[in-house]
Amino acid sequence: MSDRPRLLPLLGAPRHGSRYAMTCLYRCGNACDHPVPNTSDNAYFGDVVSAEVSRRGVVRAGAVGALVLGFGGAAVGALAGAAPAAAAPATAAPLAAPAAAGRRPGSGALSFKPIPPNTLDTFVVPNGYDHAVIIRWGDPVVPGAPSFNLRRQTAAAQARQFGYNNDYVGVLPLDKGGKRALLVVNHEYTNENLMFPDFTSHDALSVEQVKAAMAAHGMSVVEIERVGGTGQWRPVTSGRRAYNRRVDALSSKFELTGPVAGSSFVKTAADPKGRTVIGTLNNCAGGTTPWGTVLSGEENFNQYFVGGDGAPEADKPRLARYGISTTTRYPSGNRKWDRAADRFDLTKHPNEANRHGWIVEIDPFDPESRPRKHTALGRFKHEGANVIVAKSGHVVAYMGDDERFDYLYKFVSDKKFMKGNSWVARKHNLTLLESGTLYVAKLGQTSAEEIDGSGKLPSDGAFNGGGRWIKLVSGNRSHVDGMTATEVLAFTRFAGDKVGATKLDRPEEVEPSPLTGKVYVALTNNTNRGVGSNPTPDEANPRTANRHGHILELVEHRGDNTSDAFTWSLPIVCGDPAEPSTYFAGYDKTQVSPISCPDNLLFDRVGNLWISTDGNALGSNDGLFATPIEGPEKGHLKQFLTVPVGAETCGPFLTEDERSLFVAVQHPGEVTGATVGSPASTWPDGDYAKPGVVVTWRLDGGPVGS
């Protein structure tokens, strides 16, 4: 009899919506099985616009120049000019020369032949490309880390090894020749079913195994090197590797910054000053800043806490709004980490949950520095944060709250970005996210009365409208009635509720184009839209029981990313192109690839939009897609790669020379019923499934995609 684990049959495996039930259990604590946290009945901006149009007899604006009321009577026009270029840290240099001057969005054709949808248990790339696994779960990170032992996993070992379920990927250059770089990766969550042989339940795990799972969360920093003159990379395995580092949920210390730091909301018995947090939880997507740091979003942190039923009564509404059960000690999907650390017991430590749900900033070039949680950016289920330098020099961070019917945010810094590679500039720039103004988005509609939930385009030929950024807090000053600045930032969802922000279909990654400054939002899906008593479809979320998601485009007023006004449209409504409810910017739908559940976004140097997917509801494996977002080929979406069975495509990242494309293969083989001994996937090594980071390159050495 062969010792190779047998593959689990895929047919008939139970799913929650577009994901397998196992992913729902471990990824988000069975969020779909719990009530929608947002129970607010806030009025939509579209209702306000409709009422104002009716009262004043104003003629509705056309497809792109949508009417914007309350902004001095000005309609939002087209963007003018490109955003300033980012500065590299003093220790870094570009991986190759930057894009040639004069490049225009849409000027570079996508030359690869799209791959077909498939269910293969492998990593598939187009003809003319190759790929390699750079690093996988259990590989050594810190010099001297022990070899991985599947049956003897310990917290001490895992704290020095590559963590589980990698998500965001950032690559920061270390030299001018483009031969060395730092790979920075998030580790979002663990799946104990697929980590520990003979797993039966969380109660049956030893405390040491629980601690090992805690250590498998967090982030990794790994020095990598280019293989010859190709686009391939591999870990550096000798020498000091002084930058290599792991931060985790078990023992790593994080500093709180901003107005909430030191407030009563974050003080605990172990941290009476409310300034030092142990651990980071559920780190999802992120962003690389112009000053050479990495931002990481703490997302589904609610699932790690127990004892909400015993929390103080005054705290329970706040806990419930963030998805924490206040009616039972151990809600569905809970990991019972209180067995290893009682800080996860809200009956004993009710403020501990408030210390998570932030944007984390880590400095990969200073391995002795303490990562920081920036409270000025608000607390919610952060998918990530992406920064652009506005024309004024202020930095703007765009963020999504990844929950059904939650909101889109942006942060504008008080200070301005300092150009240059000096350490003086970098020291200054490291403070940019500590103070500023936080906004939430409110979207209006031009065709509200025509939206019937079918996805049919309205008569003006587009889903579009005007919108406004509603100011929530500036520094220590609140703009929300009845809430202090610290309350707005610690309980940001309530502030969004109060000002009537627009409920969106799971806003995940938000990515500004470095060429145009336009902002793109991945709205992954929302099968609750228009179902039962849940909010009905609107022009920004036009389909009932939205299984496939869509892409939202924002055009800031006068191209100013600090503006409080914008227009919006939906250039892509995902799904099977043969279905009438889909839309690809007006492009011939017989020529585009089917896509479902957009998650992470990336721009190449000519402005093509790359989209990774999470939970493909069309029945094939998740993948990475690309499309021009400007020019005559706008909407010509092509599938570039697919990941193995049960996996999600995460963290796409292109090096500046665009010869190397990195992606994270998260939760391969995460199919209901799978175990270590009976895997649904044997990627990447042919034995049992291991999350890992893959690099793809063109065999002829040219830029990926074009």
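Arg321, Lys381, Asp401, Glu403, Asp406, Arg493 and Asp497 are linked in a network of salt bridges. A salt bridge here is a side-chain nitrogen of Lys or Arg within 4 Å of a carboxyl oxygen of Asp or Glu. This is a predicted model, where local features need pLDDT of at least 70, side-chain atom pairs count only at pLDDT 80 or more, and totals for chains, interfaces and linings use all residues. Residues are numbered from 1 along each chain as its sequence is written, and side-chain values use heavy atoms, with hydrogens and water left out.

**Salt bridges**

- A search of the whole structure finds 35 salt bridges.
- Side chains of opposite charge can pair when their charged atoms come close.
- Arg493 and Asp401, both named in the network, meet through their side chains at 2.8 Å, N to O.
- Arg493 lies in helix 9 (residues 492-498) and Asp401 in the loop between strand 16 (394-400) and strand 17 (404-406), so this pair ties together parts that are 92 residues apart in sequence.
- Helices (H or I, at least four residues) and strands (E, at least two) are DSSP runs, numbered from the N terminus.
- Arg493 has 0% relative accessibility and counts as buried; Asp401 also has 0% and counts as buried.
- Buried means under 20% relative accessible area, exposed means over 50%, and partly exposed lies in between (1.4 Å probe, protein chains only).
- Asp198 forms a salt bridge with Arg151, and their closest N and O atoms are 3.5 Å apart.
- This pair links distant parts of the chain, 47 residues apart: Asp198 is in the loop between helix 4 (192-195) and helix 5 (207-215), and Arg151 is in the loop between strand 3 and helix 3 (155-158).
- Asp198 is exposed at 68% relative accessible area, and Arg151 is exposed at 62%.
- Lys316 and Glu313 form a salt bridge at 2.7 Å, N to O.
- Lys316 is buried, with 14% relative accessibility, whereas Glu313 is exposed, with 58%.

- Strand 5 (residues 180-187) is mostly covered, with 7 of its 8 residues buried.
- Strands of a sheet pair through backbone hydrogen bonds, either parallel or antiparallel.
- Two strands count as paired if DSSP finds at least two bridges between them.
- Strand 4 (residues 166-173) pairs with strand 5 in the antiparallel sense over 6 bridges.
- Val169 has Val185, in strand 5, as its bridge partner.
- The hairpin of strand 4 and strand 5 has 6 residues between the strands, and Gly178 takes a positive phi near 70 degrees there.
- Strand 6 (residues 218-226) also pairs with strand 5 in the antiparallel sense, over 8 bridges.
- Leu182 has Glu223, in strand 6, as its bridge partner.

**Nonpolar cores**

- A nonpolar core is a set of buried Ala, Val, Leu, Ile, Met, Phe, Trp, Tyr and Cys residues joined through side-chain atoms within 4.5 Å.
- The largest nonpolar core has 109 residues, and Ile134, Leu183, Ile224, Met399, Leu472, Phe662 and Val693 touch the most other members.
- Strand 5 gives this core its largest share, 5 residues.
- A second, separate core has 25 residues, including Ala441, Val519, Trp568 and Leu570.

- Strand 3 and strand 34 (residues 692-698) run antiparallel and are joined by 7 bridges.
- Ala132 has Val695, in strand 34, as its bridge partner.
- Another open sheet has 6 strands in the order 10-9-14-13-12-11, with mixed pairing.
- Its edge strands are strand 10 (276-278) and strand 11 (283-288), and each pairs on one side only.

**Cysteines**

- A search of the whole structure finds 0 disulfides, a disulfide being a pair of cysteine sulfur atoms within 2.5 Å.
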